[in-house]
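Subject: Handover of a structure and notes on it

Dear colleague,

Please find the structure below, together with its sequence. I would be grateful if you would read the notes with the model open beside them.

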Amino acid sequence: MQPTPPFSLSVPSKMTKVVTTLNYLWLSLLLYALNMHVMAFWPGGRSTRFYDFKVQTMRTTKLCNTQDIVTINGMYPGPVVYAQEDDRVIVRLTNESPYNATIHWHGVRQRLSCWSDGPSYITQCPVQPGQTFTYEFTLIQQKGTLFWHAHISWIRGTVHGAIVIYPKTGVPYPFQYPYEEHIIILGEYWLRDLRQLEQAVLASGGGPPPANAFTINGHPGPNYNCSNNDVYKIDVVPGKTYLLRLINAGLNMESFFAIANHKLTIVEADAEYIKPFTTDRVMLGPGQTLNVLVTANQPIGRYSMAMGPYMSARNVPFQNITSIAYFQYLGAMPNSIALPAPLPVFNDNLAVKTVMDGLKSLNPAQIPKRLIKTFSSLLV
Ligand SMILES: [Cu+2]
């Protein structure tokens, strides 16, 4: 009897080869069909906006102290991402800093693009020093103001910037068209390495220590040491209406914002239009955005734009010095005294409730809704 060669078992017969090929074919067809199905719902976007973000450290002097802060492209606050509703946004992040980094696109719905959301260790690994990661998403049915920030340790304290989403071409705002618009980012500034600060807070088990300063677009303003010239300013034309895109990019603090002698009309919150609501002041929690209209209808002069703390918890220390920027009319004396903007006291819950209750969607409310009361009808 002929001995069977030991390798005979591993040599596929003709039949096996045909079956394997057929399997590959089926699998390819299945994947193609799946792909086409996803592509049918994939938000393609009207245009594509490309941005190059480089994580870089930058030597900065504030409050008479010099330190290295982490930034995008050496800017604090960082670059603005401009787009229109339904646009595709592609951001290439290159990490030139010695620290791990990711960017979270705060408020972007990320339909079918969750891997671009940005929270480190949740949807992606951190981008390591020297490495690159490309974010890609579509701003589906969102218009207004959102923002981006780092989403690893506490470096978002200095790594943040605005996302401005205009309506589609030819679609007007549902409110008065502003003469000009400005981005106002409320922030907190520490004279410490923010990564070490986070470690210290976690190790302590307590709350974070107060920030060394509140900031408006990175500037503490004249109430802080060494900051008489570290002030943000908007020049306004008398009689004109301005759109302010307010963003709270603070690490922890909820904040009040007001402009002396001027009313604010909120027209959009978190990239959703709302019924216009006029108020003397607003409150934004960290991560929140509001678009407000302001009309320069006061006598020519320099008016304070103020940011201060809202803190409803007891016995928690916090920064209580108001950050000031200027809302300055053309024609005002360059060194005129800024009229003060009265902010609510730090624990004025009623002031907050009044603002929050005023936020009502512009969409028609279809309530009450009919509720499904039986479990079985859910299965039908
Ligand atoms: Cu976020």
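This is a predicted model: local features need pLDDT of at least 70, side-chain atom pairs count only at pLDDT 80 or more; totals for chains, interfaces and linings use all residues.

Residues are numbered from 1 along each chain as its sequence is written.

The whole chain

The protein chain holds four helices and 19 strands. Helices (H or I, at least four residues) and strands (E, at least two) are DSSP runs, numbered from the N terminus. Of its 380 residues, 37% count as buried. A residue is buried if 20 or more other C-beta atoms lie within 10 Å of its own, exposed if 12 or fewer, and partly exposed in between, with C-beta atoms placed from the backbone. Two residues are in contact if these C-beta atoms lie within 7 Å. Among contacts between residues at least 6 apart in sequence, 75% join residues at least 24 apart.

The six-stranded sheet

An open sheet of six strands runs in the order β10-β9-β12-β17-β14-β15, with mixed pairing. Strands β10 (213-216) and β15 (272-279) are at the edges and have a single partner strand each, so one side of each lacks a neighbour in the sheet. On average, neighbouring strands of this sheet are turned by 25 degrees against each other, direction ignored; the axes are lines fitted to C-alpha atoms, and angles run from 0 to 180 degrees between N-to-C directions.

Two strands count as paired if DSSP finds at least two bridges between them. Strand β9 (residues 180-189) pairs with β12 (residues 241-248) in the parallel sense over seven bridges. Here E180 stands opposite Y242, and I185 has I247 as its bridge partner. On β17 (residues 289-295), β12 pairs in the antiparallel sense, again over seven bridges, and L246 is partnered by L290. Is β12 enclosed or open? Seven of its eight residues are buried, so β12 is largely enclosed by the rest of the structure.

Strand β4 and its partners

Strand β4 (residues 88-95) has a covered face, made of V89, V91, L93 and N95, and an uncovered face, made of R88, I90, R92 and T94. In a regular strand the side chains alternate between the two faces of the sheet. Strand β1 (residues 48-62) pairs with β4 in the parallel sense over eight bridges, and V55 has N95 as its bridge partner. Strand β6 (residues 132-138) pairs with β4 in the antiparallel sense over seven bridges, with V91 partnered by Y135.

The nonpolar core

A nonpolar core is a set of buried Ala, Val, Leu, Ile, Met, Phe, Trp, Tyr and Cys residues joined through C-beta atoms within 7 Å. The largest has 83 residues, of which L186, L246, F257, V282 and V292 touch the most other members. At least three residues come from each of domain 1 (48-166) and domain 2 (180-357), with bounds from an automatic or database domain assignment. Beyond four places in sequence, the contacts of L186 include I216, I247, F257 and M307.

A loop residue

G358 lies in the loop between α3 (349-357) and α4 (375-379). It counts as partly exposed, because it has 16 C-beta neighbours inside 10 Å. Leaving aside neighbours within four places in sequence, G358 is in contact with I266, F277 and T279. The C-alpha atoms of G358 and T279 are separated by 8.9 Å, although these residues are 79 apart along the chain.
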